[in-house]
Amino acid sequence: MAQNGGGATAWVVGGGVAMVIVPLIMMVGVAGGDDAAAEGTGVGGGLNDGTVPAQYVPWVLKAGAECDAIKPAVIAAQIEAESGWNPNAKSPVGAEGLSQFMPGTWQTWGKDDDGNGSASPYDPGDAIMAQGRYDCALAEDVEGYKRAGKASGETLDLALAAYNAGPGAVAKYGGIPPYTETQNYVVRIKSLIPKYESVDDPPGEIPAGQRMAMPLPGDPVVTSPYGMRMHPTLHVRKLHTGVDLAAPAGTPFMAARDGKVTFAGWSNGYGNRVVVSHGTINGKKITTTYNHMMAISVSVGQQVKVGQRVGAVGSTGFSTGPHAHFEVTENGQYVDPAPWLGLK
């Protein structure tokens, strides 16, 4: 663990040091562009157990049930970032096991959860359960800071920052500390969560009188409509080909209508992008696109249902901050998404 918590970015594997490469993207919880930072209770609900080594699935599920703030997908994402699922990992600074506990922290949180007669950070069951307990305690700590007016931000972001830098650092700085490692750690965990979340989302529905459902939860604010504008990063006047919706990083970006994924990957300018074909509607071929995402949850050729997650809101590509850029095309030409979404 780095500093007082977790978040080691290098570990010893077979005598060598394996490094985690952290992408340079905007810090989670910091507003950018027209988007306002939004309060949230965290993400990472169901577990896509096909992405977790089978022997660890029961422990991840159990640890992810310790509290509402820390879900199984969060536990799994942390383990990937901490140790790459290597139960024998040891960092140069002495962090140990799957969850990279420092010896002093392990003394407080480690228990013999697997019942083998010893409590060891190298026993996966012990490590994962200790991680869940510690994460939940940190979530409770930062909630207390927020109630007392000593910190602000999303509980999950603050708890992850506390795991990496220690809760004292979160209290000292009133939020995510200005440490590059800690900021990158929070971003990395949030970017990994969609990989481990189950995409078996509850079936959505298109509201009466609309042709598409809102691709974000709730009733998001439109921060930039379709039409001509001064581009915020290119600084030239050009057509804004979709609609920007306010949402914090990690928010589920969902299919607006049933369809088939025709593109899922990186696109210059758009960053992480998904394109969904909805077939022919009123004689026109209709597609929707989901852009600037921090992570993608679907693959080319996959059939998706309205309300199904296609990725997570982010700030990749030409973007000034986390937001959802949503587009509609008719016969390959961009059109205003507002009438499709029932927006005024």
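How exposed is Val 236 in this structure, going by its relative accessibility? With a value of 41%, Val 236 counts as partly exposed, because that figure falls between the 20% limit for buried and the 50% limit for exposed. Please keep in mind that this is a predicted model.

**Around Val 236**
- Val 236 sits in the loop that joins strand E4 (227-230) to strand E5 (237-240).
- Together with Leu 234 and Phe 318, Val 236 makes a nonpolar patch on the surface, and the three share about 260 Å² of accessible area.
- E4 and E5 run antiparallel to each other and pair over four bridges, with Met 228 standing opposite Leu 239 in E5.
- The E4-E5 hairpin has six residues between its strands, and His 235 has a positive phi near 60 degrees there.

**A three-stranded sheet**
- An open sheet is built from three strands in the order E7-E13-E11, with antiparallel pairing.
- E7 (252-254) and E11 (295-296) are the edge strands; each has a single partner, so one side of each has no neighbour in the sheet.
- Three bridges connect E7 with E13 (residues 309-312) in the antiparallel sense, and Met 254 stands opposite Arg 309 in E13.

- H2 is mostly covered, as 12 of its 12 residues are buried, and among them are Gln 78, Glu 80 and Glu 82.
- Gly 84 follows H2 and has a positive phi, near 65 degrees.

**The largest nonpolar core**
- This core holds 47 residues, and those touching the most other members include Val 52, Ile 70, Trp 85 and Tyr 196.
- Helices H1 (57-63), H2, H4 (124-147), H5 (155-165) and H7 (180-196) each give two or more residues to this core.
- H4 is the biggest contributor to this core, with 10 residues.

**Salt bridges**
- The structure has 10 salt bridges.
- Glu 80 pairs with Lys 195, their closest N and O atoms lying 2.9 Å apart. Because Glu 80 is in H2 and Lys 195 is in H7, this pair ties together parts that are 115 residues apart in sequence.
- Glu 80 counts as buried at 15% relative accessibility, whereas Lys 195 is partly exposed at 40%.
- Glu 143 and Lys 146 form another salt bridge, at 3.9 Å between the closest N and O atoms. Both lie in H4, three residues apart, or about one turn of the helix.
- Glu 143 is partly exposed, at 28% relative accessible area, while Lys 146 is buried at 18%.
- Glu 154 and Lys 190 meet in a salt bridge of 3.5 Å, N to O. Glu 154 lies in the loop between H4 and H5 and Lys 190 in H7, 36 residues apart.

**One more residue in H7**
- Ser 191 belongs to H7 and is buried, with a relative accessible area of 16%.
- The C-alpha atoms of Ser 191 and Ile 296 are separated by 9.3 Å, although the two residues are 105 residues apart along the chain.

Terms used:
Residues are numbered from 1 along each chain as its sequence is written. This is a predicted model: local features need pLDDT of at least 70, side-chain atom pairs count only at pLDDT 80 or more; totals for chains, interfaces and linings use all residues. Side-chain values use heavy atoms; hydrogens and water are left out. Patches are made of residues with over 30% relative accessible area and no salt bridge: like charges are joined within 9 Å, nonpolar side chains (Val, Leu, Ile, Met, Phe, Trp, Tyr) within 5 Å. Accessible areas come from the Shrake-Rupley method with a 1.4 Å probe; for residues, only the protein chains shown count as cover. A salt bridge is a side-chain nitrogen of Lys or Arg within 4 Å of a carboxyl oxygen of Asp or Glu. Buried means under 20% relative accessible area, exposed over 50%, partly exposed in between (1.4 Å probe, protein chains only). Two strands pair if DSSP finds at least two bridges between them. A nonpolar core is a set of buried Ala, Val, Leu, Ile, Met, Phe, Trp, Tyr and Cys residues joined through side-chain atoms within 4.5 Å.
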